[in-house]
Structure formats: structure tokens, C-alpha cells
Amino acid sequence: MDGTTWGLVVETTVGIGERKHVEATVVAHVTGSREEALAELERRARSYSPSHPLSPRRSRLLRQGDGFLLVVDGAWQSYVTRFTVAEQLVDSAAPAPAPEPDPGPVEEPVARDADGIPVRPAWLGRTDLS
């Protein structure tokens, strides 16, 4: 499996009249191949329900190179939602990688006799035994 992380980006038209503008959101991440990311993006694009227009007359979902376009015609104007898959290169808010676990002290192998009993008893040489 490919270890690439893909961002699923939705850019949609919000507001009306002179306040109409586009906002972008990374709605999910997919780790795997570009084709897997595009399949998930298509699933989301097909089920997406934009907030504008309030009374849609026609809706068209179009495929393009890196994603999809949803064009919804309203009574007076059309609204566009763009769905794009993009390879994530950097994420400044990504959690720091977990530190490597400390392997602890390395114990020297113990010499044993033929029966597997240590040749030198573990207590021999300890200064904390009085």
C-alpha cells in the first residue's frame, strides 16, 4: 500500500449577492494511492448537499483531472463546489511523532553450566545485601 497522504479539499460558494465568495476546507485525509483518494472524493462529491442555492433547479457533477465539479443552478444564479484531491506535503499542526521507546539497560549474557544454571550466582558481589 502506498503511504502517501492525500487531502480531500472542498471549495464551495457561500453567501449571496455581493457577499458571495468561495471557502476551502480540507474535509478528510486518505493515506494510500491517488486512485483510492479519488474514489473517496467521488463518494463524498456524489453525496454532498450544498447550502446554496436554496431551491436548486439543476445539478451536474463533472469529473476533472484532480477531482470533481458540482454545478448547481438556482432560480437566478449558479453555484459551484469544487472537490480536489491533493498530496499533503506539510502539516504544521500534525502531532509530533512518538519518541522511540527506551530499550532500557542492556543485560550481559550470563554464563551457564550444562544444566542451564548460572555459573556465578546473581547475589554474588552485591553490596546491598548485608
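## Terms and basis of the model

Residues count as buried under 20% relative accessible area, as exposed over 50% and as partly exposed in between (1.4 Å probe, protein chains only); by that scale tyrosine 48, with a relative accessible area of 28%, is partly exposed. The model is predicted, with local features needing pLDDT of at least 70 and side-chain atom pairs counting only at pLDDT 80 or more, whereas totals for chains, interfaces and linings use all residues. Residues are numbered from 1 along each chain as its sequence is written, and side-chain values use heavy atoms, with hydrogens and water left out.

Helices (H or I, at least four residues) and strands (E, at least two) are DSSP runs numbered from the N terminus. The 14 residues of H1 should span 20 Å at 1.5 Å a residue, and the end C-alpha atoms of H1 are 20 Å apart, which agrees; the expected span is 1.5 Å times one less than the number of residues.

Ala37, Leu38, Leu41, Glu42 and Ala45 are the buried residues of H1. Seen down the helix axis, the buried residues fall within an arc of 140 degrees, so they line one face of H1, the arc being that of the directions from the axis to the C-beta atoms. On the other side of H1, Arg46 and Ser47 are exposed, while the cover over the buried residues includes strands S1 (5-14), S2 (21-31), S3, S4 (67-73) and S5.

## The nonpolar core

A nonpolar core is a set of buried Ala, Val, Leu, Ile, Met, Phe, Trp, Tyr and Cys residues joined through side-chain atoms within 4.5 Å. The largest such core has 14 residues, of which Leu8, Ala37, Leu38, Leu41, Phe68, Phe83 and Val85 touch the most other members. S1, S2, H1, S4 and S5 each give two or more residues to this core, and the largest share, four residues, comes from H1.

Leaving aside neighbours within four places in sequence, leucine 41 is in contact (heavy atoms within 4.5 Å) with Leu8, Asp66, Gly67, Phe68, Phe83, Thr84 and Val85. Threonine 84, which lies in strand S5 and counts as buried at 17% relative accessibility, touches Gly7, Leu8, Val9, Glu11, Leu41, Asp66 and Gly67, not counting residues up to four places away in sequence.

## The aromatic pair

The structure holds one aromatic pair, where rings of Phe, Tyr and Trp (its six-membered ring) pair if their centres lie within 6.5 Å, with planes under 30 degrees apart counted as stacked, over 60 as edge-to-face and the rest as tilted. The ring centres of tyrosine 48 and phenylalanine 83 are 5.3 Å apart and the planes stand at 80 degrees, so the pair is edge-to-face. Tyrosine 48 lies in the loop between H1 (34-47) and S3 (58-64), and phenylalanine 83 in S5 (residues 78-87), so the pair ties together parts that are 35 residues apart in sequence. Phenylalanine 83 is buried, with a relative accessible area of 0%.

## Salt bridges

Six salt bridges are present, each being a side-chain nitrogen of Lys or Arg within 4 Å of a carboxyl oxygen of Asp or Glu. In one of them, aspartate 66 and arginine 34 have their closest N and O atoms 2.6 Å apart; aspartate 66 lies in the loop between S3 and S4 and arginine 34 in H1, so the pair ties together parts 32 residues apart in sequence.

Glutamate 42 is buried at 18% relative accessible area, whereas arginine 46 is exposed at 61%.
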